Amino acid sequence: MATVLYDTGINPSLIRARRVAVLGFGAQGRAQALNLKDSGVNVVVGLRAGSVSRAPAEATGLSVAEPAVAVSKADVVVLLVPDEKQPKLYADIIAPGLRKQGALIFAHGFNIHFKRIVPRADLDVILVAPNGIGEQVRAQYLEDHGVPALVAAHQDASGRARELALSYAWAQGHGRAGIIESSFREEAETDLFAEQAVLCGGLTHLIQAAFDTLVQAGYEPEVAYFACLHEVKLMADMIFQHGIAGMRESISTTAEFGDYTRGPRVIGEPARKAMREILAEIQNGQFAGELEQELAAGLPAIKVERVRARAQLIEKVGKTLRERMRVRGRSG
Ligand SMILES: NC(=O)c1ccc[n+]([C@@H]2O[C@H](COP(=O)([O-])OP(=O)(O)OC[C@H]3O[C@@H](n4cnc5c(N)ncnc54)[C@H](OP(=O)(O)O)[C@@H]3O)[C@@H](O)[C@H]2O)c1
């Protein structure tokens with residue numbers, strides 16, 4: 001069992017004594033830079049010349065500099081630009097610019113684990129990976145809560161990388177929710193797997209298949225939408241709060257009986273076999289290679305899928321129903 005750490009025993013002064021450059025002001029960059037500022041950390045946001053994010057970042061009271069300038073003055077650099085942009089930014093700006101014995105922090109293990117970035121040996125290389133989107137990282141922090149996070153040290157040149165990782169995690173509010181000591185490999189592989197098998201790939205295809213089944217059997221699309229998509233949030237919230245067993249005990253006996261007897265037929269051995277194959281493709285680097293080919297070619301497969309998805313009946317029905325729900329909400 002993994003040990004889960006909380007704020008008690010973490011040394012906040014370590015990160016507070018460092019000058020931190022956060023590169024990027026997107027989903028995670030905005031949240032993490034603001035959390036650092038509110039935690040009393042000396043932070044500057046690194047944004048490229050002409051960045052559309054400069055004005056919004058400055059409006060929050062954060063200091064902004066171009067990446068090379070921000071990196072040259074920092075003890076700790078947090079790489080919060082899209083994963084596919086990180087190797088070039090590391091090679092062009094961080095490798096030549098970050099001071100000796102500095103620290104480099106990632107929010108996802110991909111580039112280190114799959115060796116797309118091989119950092120200088122004198123650096124501490126740290127992972128602080130939030131289990132939540134940037135919006136939650138900020139919103140939870142403001143409410144005196146936090147999202148959980150995984151931390152790891154890939155290189156510990158200073159001998160204090162673990163302590164610094166925990167201190168940084170403290171500044172993000174992760175110690176209020178739970179910090180797990182992990183590795184870049186474990187984080188990268190489990191994160192990709194969860195996205196593919198459950199959170200994105202699994203869930204969307206499950207909803208789509210169930211919706212199609214009902215519509216093809218002659219049921220109204222609006223009814224199928226509410227039954228198969230809308231209610232997912234209610235169930236997810238219940239599982240989030242009470243766990244799977246607790247959710248099952250809260251629903252009707254009819255629903256619970258259907259769950260036990262029919263669920264294993266939907267997610268049976270073929271689905272479990274597919275999951276094992278998907279995990280193997282992540283572990284052996286096949287998925288990373290396919291992703292890079294897609295990126296290099298300008299996202300041809302993704303563009304086709306986006307058009308195909310927009311044309312689905314579930315999108316048309318859902319768009320109308322969601323708009324009407326919002327109008328109703330606004331008018332009270
Ligand atoms: N999305 C999440 O909530 C989430 C959750 C967990 C972990 N992560 C990890 O967090 C990291 C950041 O992801 P993200 O989703 O926050 O990224 P993001 O929102 O897509 O990042 C956008 C920011 O990156 C900047 N940027 C893009 N290309 C750049 C370049 N070539 N040079 C300099 N700056 C560049 C953009 O600059 P401009 O403002 O100038 O356009 C913008 O400020 C990734 O490692 C990701 O895996 C993300």
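Q: Happy to start with the helices: are H9 and H10 roughly parallel or roughly antiparallel to each other?

A: They are roughly parallel to each other. Keep in mind that this is a predicted model. The general idea is that two packed helices are described by the angle between their axes and the distance between the axes. Here H9 covers residues 184–199 and H10 covers residues 201–216. Their packing angle is about 10 degrees, and their axes are 3 Å apart. Angles under 35 degrees count as roughly parallel, so H9 and H10 are described that way.

Q: Which residues of H9 and H10 make the contact?

A: On the H9 side, look for Glu195, Gln196, Ala197, Val198 and Leu199. H10 contributes Gly201, Gly202 and Leu203. By class, the residues of this contact between H9 and H10 are four nonpolar, three polar and one charged.

Q: Now the ligand: which residues around the ligand come nearest?

A: The ligand has 21 residues around it, and the nearest are Phe25, Gln28, Ser51, Ser53 and Asp83. The shell as a whole holds nine nonpolar, nine polar and three charged residues.

Q: How much of the ligand does the protein bury?

A: Start from the ligand taken alone, which exposes 910 Å². The protein buries 76% of that area.

Conventions. Residues are numbered from 1 along each chain as its sequence is written. This is a predicted model: local features need pLDDT of at least 70, side-chain atom pairs count only at pLDDT 80 or more; totals for chains, interfaces and linings use all residues. Side-chain values use heavy atoms; hydrogens and water are left out. Axes are lines fitted to C-alpha atoms, for helices over the stretch in contact, and angles run from 0 to 180 degrees between N-to-C directions. Helices (H or I, at least four residues) and strands (E, at least two) are DSSP runs, numbered from the N terminus. Angles under 35 degrees count as roughly parallel, over 145 as roughly antiparallel, 65 to 115 as roughly perpendicular and the rest as oblique. Contact means heavy atoms within 4.5 Å. Ala, Val, Leu, Ile, Met, Phe, Trp, Tyr, Cys and Pro count as nonpolar, Asp, Glu, Lys and Arg as charged, and the others, Gly among them, as polar. A residue is near a molecule or strand if one of its heavy atoms lies within 4 Å of it. Accessible areas come from the Shrake-Rupley method with a 1.4 Å probe; for residues, only the protein chains shown count as cover.
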